[in-house]
Amino acid sequence: NRVKDLSTSPIVILDAGHGGIYFSGNPVTKGKGFKHSGLPMHHKDYLCEGWGNRIAADQVAAVARLYGVHVSRFYDDIIDTKVEARVHAANKLYQGLSATDKKRCVFISLHSDADDKSNATRGCKIFRNADTRDLDKRSHELAKMAQGFIEAMQIPELTRVGIHTAPNFFVLKHTEMPAILIERGFHTNKDDAVMLCQ
């Protein structure tokens, strides 16, 4: 349902990592992707993770805004802004909020995963803050909400979504608000790659 009172609407800080594609057609961040011959990839049979992250984040932002959610994008359309700068900017926005608004602010980072050892590995994973602060509980609640939303989409590749802790992920370790990182699938897996491109 659309949020009726915008003063109580969620504030979502949206992040997409690893750069997009230059106007020349070349990936900005080399190595963050995978070559799949014969599939409709982003660039010369190459699935560029950063480009896919941005497409997904833009779609999330568009739908969220339709429902009255406040969305702040913390990624460039093309440039691979350093993770430290993205997290610093997100924390600065959060610090400027009132105590009430801070309670409705979350950070979501979108990615796709890779497995160099086997192209059989696939599936969606959600990582969350992991520490002894109140953030641990609140980020777990956010992860459960995201899990339910993704599974409700009834995409065969995304019917079993795991929730994990990742204490060393920079965007989870250093963000001051509840935060999750979603690996939407494995771009090294052919079936997941098709799903990611759709």
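This is a predicted model: local features need pLDDT of at least 70, side-chain atom pairs count only at pLDDT 80 or more; totals for chains, interfaces and linings use all residues.
Six elements, namely E1, H1, E5, helix H4 (134-152), E8 and H6, each contribute at least two residues to the lining of the largest pocket. The space in the largest pocket comes to about 1,400 Å³. Its lining counts 40 residues, and those closest to the centre are Val60, Ile108, Phe149, Ile150 and Ile182. As background, rolling a probe the size of a water molecule over the atoms shows where empty space is left.

The pairings can be followed strand by strand. Strand E1 (residues 11-16) runs parallel to strand E5 (residues 105-113), and 6 bridges link the pair. Within this pairing, alanine 16 is found opposite leucine 110 of E5. Further along the order, E6 and E8 run antiparallel and are joined by 4 bridges. Here arginine 128 has isoleucine 180 in E8 as its bridge partner. Strand E6 (residues 125-128) also pairs with E7, this time in the parallel sense and over 4 bridges. In that pairing, phenylalanine 127 stands opposite histidine 164 of E7.

Helix H1, for its part, has 18 residues and spans 26 Å from its first C-alpha to its last, close to the 26 Å expected at 1.5 Å a residue. The buried residues of H1 are Glu49, Gly50, Gly52, Asn53, Arg54, Ala56, Ala57, Ala61 and Ala64. These buried residues pack against E1, strand E2 (33-35), strand E3 (46-48), E4, E5 and E8. Just after H1, glycine 68 adopts a positive phi of about 85°.

With a relative accessible area of 12%, alanine 56 is buried, because the cut-off for buried is under 20%. Leaving aside residues up to four places away in sequence, alanine 56 touches Leu110 and Arg184. Leu110 is also the residue of E5 that stands opposite alanine 16. Between alanine 56 and isoleucine 163 there are 20 Å from C-alpha to C-alpha, and the two are 107 residues apart in sequence.

Histidine 187 sits in the loop between strand E8 (179-186) and helix H6 (190-197). Its relative accessibility is 3%, so histidine 187 counts as buried. Residues up to four places away in sequence aside, histidine 187 touches Lys32, Gly33, Phe34, His36, Leu47, Glu49, Ser112, Asp113, Ala114, Ala193 and Leu196.

Isoleucine 79 belongs to the loop between E4 and H2. At 42% relative accessibility, isoleucine 79 counts as partly exposed. With residues up to four places away in sequence not counted, isoleucine 79 touches Gly19, Tyr22 and Arg54. Isoleucine 79 and arginine 104 are 25 residues apart along the chain, and their C-alpha atoms are separated by 29 Å.

Backbone angles complete the picture. Most residues other than glycine have a negative phi. Histidine 18, in the loop between E1 and E2, is not a glycine and yet has a positive phi, near 75°. Glutamine 154, in the loop between H4 and E7, likewise has a positive phi, of about 55°, although it is not a glycine. With a relative accessibility of 68%, glutamine 154 counts as exposed.

Key
Residues are numbered from 1 along each chain as its sequence is written. Side-chain values use heavy atoms; hydrogens and water are left out. Two strands pair if DSSP finds at least two bridges between them. Buried means under 20% relative accessible area, exposed over 50%, partly exposed in between (1.4 Å probe, protein chains only). Contact means heavy atoms within 4.5 Å. The expected span of a helix is 1.5 Å times one less than its number of residues. On a 1 Å grid over the protein atoms alone, a cavity is a set of points where a 1.4 Å probe fits but cannot get out, and a pocket is an open set with protein on both sides within 12 Å along at least five of seven lines; lining residues have an atom within 4 Å of a point. Grid points are joined across faces, edges and corners, and a volume is the space filled by probe spheres set on the points.
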